[in-house]
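Morning, everyone. I'd like to walk you through one structure today, starting with the whole fold and then going down to a few single residues. Have a look while I get going.

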Amino acid sequence: MVKNVVFVAAEVFPFAKVGGLADVAGALPKALYELGVDIVVFMPYYGDVKKKADDFGISDAGIDGLKVKLNDKIEEFQLFQAKLPDSDVPIYFIANERLFGREGVYLDPVTNKPFPDTAERLVFFQKAVFEAVVALGINPQILHVNDNHTALMPAFLKLANGLPPNWSRTKSLLTIHNLAYQGVFDKDVLDIIGLGWELFYPTGPFEFYGKVNFLKVGIIFADAVNTVSPTYKEEIQTPEFGEGLDGVLREHADKLFGILNGVDYSVWDPRVDKFIPHHYWLDDLTGKTKMKKLLLKEYDLPYDAERPLIGMISRMTEQKGYDLLADAIDELMELDLQLVILGSGDPKYEKFFIEKSKAYPEKLGVKTGFHAELAHYIEAGSDMFLMPSRFEPCGLNQMYSMRYGTPPIAHKVGGIADTVVDADENPELGTGFLFTRYDADALLKAVQRALMAFRDRERWLKIMQRGMKMDFSWESSARNYLKLYNEIYEGNL
Ligand code: ADP
Ligand code: GLC
């Protein structure tokens with residue numbers, strides 16, 4: 001049985017969050033701990049985290065002399081520690097002023113572009129985690145890494161010399177949260193990786209069209225790979241969703257799994273949500289009406305009980321369907337609805353939707369930037385939730401919105417297909433409205449179907465209530481991860 005796990009991620013809620021990876025990294029380890037796993041989490045000590053160290057109860061781990069080799073240079077680092085909130089799960093932070101002292105997780109907040117030294121940051125971080133784990137005397141049975149940021153670790157585990165002998169049985173799992181981000185860098189990065197240039201040959205593990213692709217390395221060297229929903233696991237093996245790695249994934253299909261993410265209901269539940277002033281549940285939805293009023297006030301839009309309010313929260317990227325929404329927006333605004341958007345990312349979309357909101361001052365509200373509290377207001381205060389993602393590895397917002405009685409209108413892909421049931425196709429079980437073709441017309445039709453259902457109050461309440469009662473808690477996902485850990489460790493893969 002697997003007992004000891006080291007879990008590594010570039011973002012962990014509440015310390016640093018860009019998207020769903022942070023939510024998962026902040027919750028899954030706690031759920032595994034509840035199942036009896038001794039799990040320890042590692043992440044970088046970003047400038048943003050350092051600034052809030054006191055609030056988070058972060059302290060020095062008291063280990064001196066930590067260092068890694070990068071190229072011919074020795075890079076020293078410090079180790080800080082805390083616990084994941086409301087738990088006994090230890091989290092350690094890798095601190096190095098030169099590489100991580102600044103603010104920003106992946107993007108430079110000033111330029112909105114990836115840091116020029118991204119590759120060095122990531123290689124350093126991964127090497128440092130190994131050093132820290134050894135210095136702490138931890139002997140992990142499973143090394144669980146996440147996304148391209150930590151995908152070199154399985155290769156270090158298999159190829160690097162100098163790991164303690166009791167690591168000889170350690171196995172690795174790579175979770176792919178999003179195949180669109182692969183960590184592709186100029187081949188010079190091999191110098192700082194330090195595993196030798198002989199691994200770099202055409203179609204070899206470290207070669208990807210003349211460059212180095214961290215995620216590809218991870219897929220090849222990890223003992224098992226999983227994605228965050230069963231449907232996405234199938235999709236990524238096709239050229240349409242494979243982002244150029246579908247061939248590699250098909251080659252490794254026998255060690256590829258799909259495990260649906262869970263929801264941390266201690267953070268995302270309208271009965272206990274710490275961010276919203278009015279709580280509610282199935283039997284009394286007045287708190288939801290109050291939240292709708294508050295939310296509209298935030299966006300400076302008029303309240304109308306009869307007019308459905310659609311909410312949308314997501315990183316402003318192509319992935320999330322902003323191109324479709326841009327195509328559909330004028331027709332959408334002709335319908336009897338209001339729409340509030342919270343998103344940050346591509347300046348092209350930020351600008352476009354802000355301009356549009358000026359054209360529809362009573363119907364469209366747009367806010368950019370990252371606002372945790374507002375995200376909770378939108379889940380609670382909206383009548384429906386829009387998620388037209390082009391692809392969606394799992395997607396957490398559709399699961400959150402169901403719990404808040406805010407049925408999703410969404411593109412039927414990835415984790416959305418695994419979690420939402422269309423209410424017209426399946427009137428007995430329906431929890432939302434899905435469209436399959438990825439175009440503006442299909443999106444509009446799904447919205448119109450949702451509006452129809454909304455007018456039938458009784459039917460709508462049933463759709464809401466079914467969604468609120470769905471249970472996507474982490475416990476069952478964590479059991480699946482534990483099962484997979486055991487299979488990997490027993491060498492069954
Ligand atoms: P992804 O990880 O692809 O961004 P998910 O649906 O898995 O998508 O998770 C997104 C998470 O990030 C959710 O918790 C969502 O509420 C949050 N989020 C996204 N954009 C923002 C934003 N601008 N402000 C606040 N929270 C956001
Ligand atoms: C990614 C995906 C999202 C998923 C999240 C957590 O960012 O885009 O679909 O829910 O990771 O696994």
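So, the protein chain has 19 helices and 21 strands. By helices I mean DSSP runs of H or I with at least four residues, and by strands runs of E with at least two, both numbered from the N terminus. Its radius of gyration is 23 Å, close to the 23 Å that the globule rule gives for 493 residues, so the chain is as compact as a globular protein of that length. That radius is taken over C-alpha atoms, and the rule is 2.2 Å times the number of residues to the power 0.38.

Before going on, some ground rules: this is a predicted model, so local features need pLDDT of at least 70 and side-chain atom pairs count only at pLDDT 80 or more, while totals for chains, interfaces and linings use all residues. Residues are numbered from 1 along each chain as its sequence is written, chains are lettered from A and ligands numbered from 1 in the order in which they are written, and side-chain values use heavy atoms, with hydrogens and water left out.

Back to the overall picture. Along its principal axes, the C-alpha trace spans about 65 × 45 × 45 Å. How many of the 493 residues count as buried? The figure is 60%, where buried means under 20% relative accessible area, exposed means over 50%, and partly exposed is in between, with a 1.4 Å probe and protein chains only. If you look at contacts (heavy atoms within 4.5 Å) between residues at least 6 apart in sequence, 71% of them join residues at least 24 apart.

Nine strands form an open sheet with mixed pairing, in the order E3-E6-E7-E2-E1-E10-E11-E14-E15. Two strands pair here if DSSP finds at least two bridges between them. The edges are E3 and E15 (256–258), each pairing on one side only.

Let's start from the E3 end. Strand E3, residues 59–60, runs antiparallel to E6, residues 78–83, and two bridges join them.

Which other residues have a positive phi? Tyrosine 209 is one, near 50°, and it is not a glycine. Tyrosine 209 sits in the loop between helix H7 (189–193) and strand E13 (212–213), and it is exposed, at 71% relative accessible area. Glutamate 243 also has a positive phi near 50°. You'll find glutamate 243 in the loop between helix H9 (230–235) and helix H10 (246–251), partly exposed at 35%.

One more backbone item: a cis peptide bond joins phenylalanine 13 and proline 14, with omega about 5°. Proline 14 is in the loop between strand E1 (4–8) and helix H1 (20–34).

Let's move to another strand pair. Strand E19, residues 384–387, and E20 pair in the parallel sense over three bridges, with methionine 387 partnered to alanine 410 in E20. In a regular strand the side chains alternate between the two faces of the sheet. For E20, residues 408–411, both faces are covered: Pro408 and Ala410 on one side, Ile409 and His411 on the other, all buried.

Leaving out residues up to four places away in sequence, asparagine 397 touches Ile313, Glu379, Phe385 and Met387.

Compare serine 168, in the loop between helix H6 (153–159) and strand E11 (171–176). Serine 168 counts as exposed, at 65% relative accessibility. Its C-alpha is 8.9 Å from that of leucine 157, which is 11 residues away along the chain.

That's my tour, so over to you.
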